[in-house]
Structure formats: C-alpha cells, structure tokens
Amino acid sequence: MESKSRTRQVRAVLFWALCAIALAIIIVPAVAIVVGIIAKAWPAFSPAIITHTTATDGLQNAIVGTLILSVGVLLTAGTIGVLGGLYIAEFASPRIGSVLRFFSEVLSGVPSIVVGYVGYLSLVVALGWGYSVLGGVLALGTLIIPYIVKSTEVAFSTVPRSLREGSVALGLPKLTMIRKVLLPPALPGIISGLVIAIAISTGETAPLLFTADFSDHNPSIALFHNPVGYLTGVTYFDLQQPGANYLALANAAAAVTVIMILVLIFGGRLITARSRRMIARMDV
Amino acid sequence: MTAGYLSIPTTATAQKERSSSAAVRVRGLSVKLASRTLIDDVSVTFPEKRITAIVGPTGCGKTTLLRSINRMHDHSPGITVSGDITVGDTHVYGATTHLRELRRRVGMLFQRANPFPQSIEDNVGIAPRAHGMVSRRQSRELVEQQLIEVGLWEAVKDRLSSSPFTLSGGQQQLLCLARTLALSPEVLLLDEPTSALDPGTTEHIEALLKRLRERMTILIVTHNLSQALRISDEVAFFMAGKLVEHATSNTFFHEAADQRSRDYVSGRVG
Ligand SMILES: Nc1ncnc2c1ncn2[C@@H]1O[C@H](COP(=O)(O)OP(=O)(O)OP(=O)(O)O)[C@@H](O)[C@H]1O
Ligand SMILES: [Mg+2]
C-alpha cells in the first residue's frame, strides 16, 4: 500500500519533469534565436537600412521585395488554398476529397528546393519568363498552398454539425449556408492558417533563388525578366561574402525577417481573437 | 400577444400556401443503416391540423422517423430509406421532389437550440429571404411578427442586431422556433423540443403549439408522457423500429389496445 503510493508519486513527479523539459525545449531555442539574431543585428540597424538599397549597404529593395512577394502569395496561394479547402470540406464527395487531400499532402512533402528547381525548369526556362517576381510568387505559393488547404478544410469541417443540420432543415441554398452559417465560425481558423502560411513563405529562400534570382535595385512593375531582391536572399548571399559590412547586412536582414514573421504571427493572433469575440458578441 | 398571422404582407402565392396544411402519410417505411434496420416497415398517417405525440423507449427510432419526413437522411452516408411518404400531395421521395421546397413546407426543430452565428434578426429573416418569400424590407416586419408569435419580442426588440448567444437557452430555442415558423411550414417536426427547458418555457411552448395546430400538422417526439397527455390529439407508440399502436390520446392513455402500450403508459417499459 505504502510503496504503491510512493510509486505513484514518483510517476507524477517524473511526468511533470518531462513536461517541463519539453516546454523548455520549445521555448528556449525560440527565445534564444530571436534575441540572438536581433542582438547581433543591433549595431547594424540605422536609418540607412531603410533608405538605401543593398547596392549601398541598405535593405530597402529587399524589404519592398519581400512585402511584394508576400502580398502576391497571399492573393494567389491564399485564394487557391482557401477555395481548395472549401471545396474539399463542403463540395467534394468523400472519394474525391480523399484524392485531393492525398495530392495536397504529397505537395506539402516536396522539399522547397525541389519546388524551386521545378519552378526554374518550367517557368524560368520552359516558359521563358526569366527570373521574375511572378515566378517567385508561384514557387512560394506552391509551397504553402497545402497548409492553407488543410487549415481551411479543418476550419469548415469543425463547424458544429447542428448548424449544418439547422441550415439544411430550413432548405437554405448551399452558398447561403456557407456564407451566413459556416463562414463566421470558420473564419478565425482560416485567417490564422493564412497568416502562418505567409509567415512560412516569408522565411523561405530556396524557391526564390531559383525563380526570382536577386536584384540590388528596387522592384519594378515588369512581370517577366525582372529579378527581385528579398530579405532571406540578403542573408544567404552576404554571409558568403568577405567583409564586415556584408556580415552586418546579412545579420540585419535576418533580424528584419524574424521581426516581420513575429509581427505576422502576433497580428494573426489578434485578428483571430477579435473575430472570435465578434462572433460571440455579434454586434453587426 | 396573438399576432394576426394574415396581417403579414406577402405575395399572393405565399398567402395561399400559408393557409394550407397537409397530412403526412407514411407507407411501408423502412430505414436501414448498413444492414441494421432502424425503422421496420412502418405505415401510419399523421392527420392534418393535429398534434401527434411520438413516444417510445430510447433508441426505438423516433428521431429516425422524423428525419425521414424532411429527408435529413439524404445527408447521412450509409442510411437507406425505402417505402413511401407523402406530405399533402407531394411524394417526399419522388424523383422530381424539390428538396428545398419540401424543407420549406416541413419545418424541423431540434432537441438543442442551434441559432446561427448571425444577428437575432437575421436568424429569423434568413430563410424567408433565401426562399424569396419576402424582400429585405418586408423581412423586418416578418421577423417582428414571428418573434411576437413565439413570445420573444419584448425580450429582444432592443437588441435585434446582437448575437443570439447572449440569450438564455430557452430563449434560444424560442428563437429557433421563430426561425422555423418564419417559413410558414405546413408540417412541424419537433424532436424533444423542451427536454432542456424549464417548466415555464415548456408551458409557454406547449400553449404556442396548441395555437399553431390551427394551421399546421405537428409531430412531437417526447419522453415526457404528461406532456404528450397535455398537448397531443393522437399518440404513435414505437418499439424497436416498429409501430406498436397509433390511437387518440384519450384511448392511448386510458384504454390502449396493446399490452405493451399499457405497460409503457404505466411506466413499466422504457
Ligand atoms: N447515424 C447513426 N449511426 C449509428 N446508429 C444510428 C445512427 N442514427 C441512429 N442510429 C441508431 O438507430 C436507432 C434509432 O435511433 P433514434 O435516434 O431514431 O432513436 P430515438 O427513438 O430518437 O431515441 P431517443 O429517444 O434516445 O432520442 C438507435 O439504435 C441508434 O443507435
Ligand atoms: Mg431521438
């Protein structure tokens, strides 16, 4: 009796210790990376980063390029991914749904460098686009569409069954049901999926190296034969260059990338929390 | 309190449909889930403008029967329905049956309130607008009329644009009833609508159902025999997917023909 409860106590302590270790493994590297990168980049932060391009030790072209790529990815991959997830959740038969899900999972398992290389062969070479913003957007988009499809599908399929049945019993048209009944509770999940996907794409390098190359000048509007700069590219290229100023710029670019991703994640959480509250209150 | 139903401005056709109600005839209905029989060759007629209580022990197929009448099973994979059901002159499982129109004519209220994540006003107005019965402008009046009908108007008239989730559970169920009634159904299917409600709200809904009986056919599943006794004109008693007895309430509760019915009434079964 006595020893049994002893064993139980030991087990409980062990369990909590393991939980604490797991937690530490998640938190410590995350904090260390963020703090380390920003601390390293601190000396390099100056107004010149925003006012100059990479041709003259600034990051302006890279920041603008990353923003354009992200917005492009949001518009293209976001639209395709959300519609795809909606289709799988609400329209596809179980068989077609599982086929689509399978392909989406395969796509999500393709390494980003392979996506980049395929993009290079098909867009840059075969279609003759050269290096371009559009090619970069498509390669990045291909990479994150599976995430968006998945999060959208989950968001719709976790809407309570009772809401669905209520709509069906009223004879509501399917689109009315989707827009008025399913979308409000699904929206927070869709938005947070989009934000995380965009955050992932912001941190990608390989697909862009193959499809967008890099440019030291600010992006222009030409869609084709028009290389574009981006933050992760600065880190990638400048770390390989000799010289303290290159290293500083590489660090600064890494820090700005991390900050953008953090802003995205916090922003996404804010939007999610707000739309959750809006549904609860619904003061339309 | 009693809202003149006919004072609602509507199109001529909606007006015509409004005044009609329909009997529900069930012939040789069987419902199977894979190889399991949930409803076994049931034939029964639910007369128009009457309240029929559907009773029986848990799992005997009451919900399954209700869901056959507005074809909710269409959306449950694995369930097959055979036999014939008519609502008025319409064959529910006919090849050309207009599903959305069928569901407009056959309203359903669920055991647990399921308000939509829209404003209180839109919850009631959404279906009539979707069916083209009222314009957006007329919808406002219809919403008010329905909320008055179910006795919720005073409580919500100052917060029509707020969320239904701020209402109490009983109020939410009344809102769902108003939402269903807004389509002027000819048949009303109720699946234990008051099982989660307090006695006051239950009494309120029972009084409302007695008024609604004037213009629609009502089927109510209930485990509460005194509720069945209070409000029903007829009782259909089921066991294990089979209809055991269908009789007037008076007969069923006082001189049922089948021994199993008498046992059920006296609390020895179910
Ligand atoms: N989707 C389903 N999957 C599996 N079994 C089901 C399903 N729907 C119904 N059943 C089975 O069919 C039988 C009848 O169920 P039904 O819900 O109609 O009973 P009920 O009379 O409404 O019971 P209760 O009084 O508990 O609500 C039950 O045995 C139930 O287990
Ligand atoms: Mg039931």
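**Burial and salt bridges in a predicted model**

Student: Why is A:Val31 called partly exposed?

Tutor: A:Val31 has 45% relative accessibility. Buried means under 20% relative accessible area, exposed over 50%, and partly exposed in between (1.4 Å probe, protein chains only), so A:Val31 counts as partly exposed. This is a predicted model in which local features need pLDDT of at least 70 and side-chain atom pairs count only at pLDDT 80 or more, while totals for chains, interfaces and linings use all residues. Residues are numbered from 1 along each chain as its sequence is written, chains are lettered from A and ligands numbered from 1 in the order in which they are written, and side-chain values use heavy atoms, without hydrogens and water.

Student: What makes A:Glu153 and A:Arg101 a salt bridge?

Tutor: The term requires a side-chain nitrogen of Lys or Arg within 4 Å of a carboxyl oxygen of Asp or Glu. The closest N and O atoms of A:Glu153 and A:Arg101 are 3.0 Å apart, and the pair therefore forms a salt bridge. A:Arg101, A:Lys150 and A:Glu153 are linked in a network of such bridges.

Student: Why is A:Glu153 called buried, and A:Arg101 partly exposed?

Tutor: A:Glu153 has a relative accessible area of 8%, so it is buried. A:Arg101 is at 27%, and therefore counts as partly exposed.

Student: How do you know that B:Arg71 and B:Asp74 form a salt bridge?

Tutor: Their closest N and O atoms are 2.9 Å apart. B:Arg71 is buried, because its relative accessible area is 13%, whereas B:Asp74, at 36%, is partly exposed.
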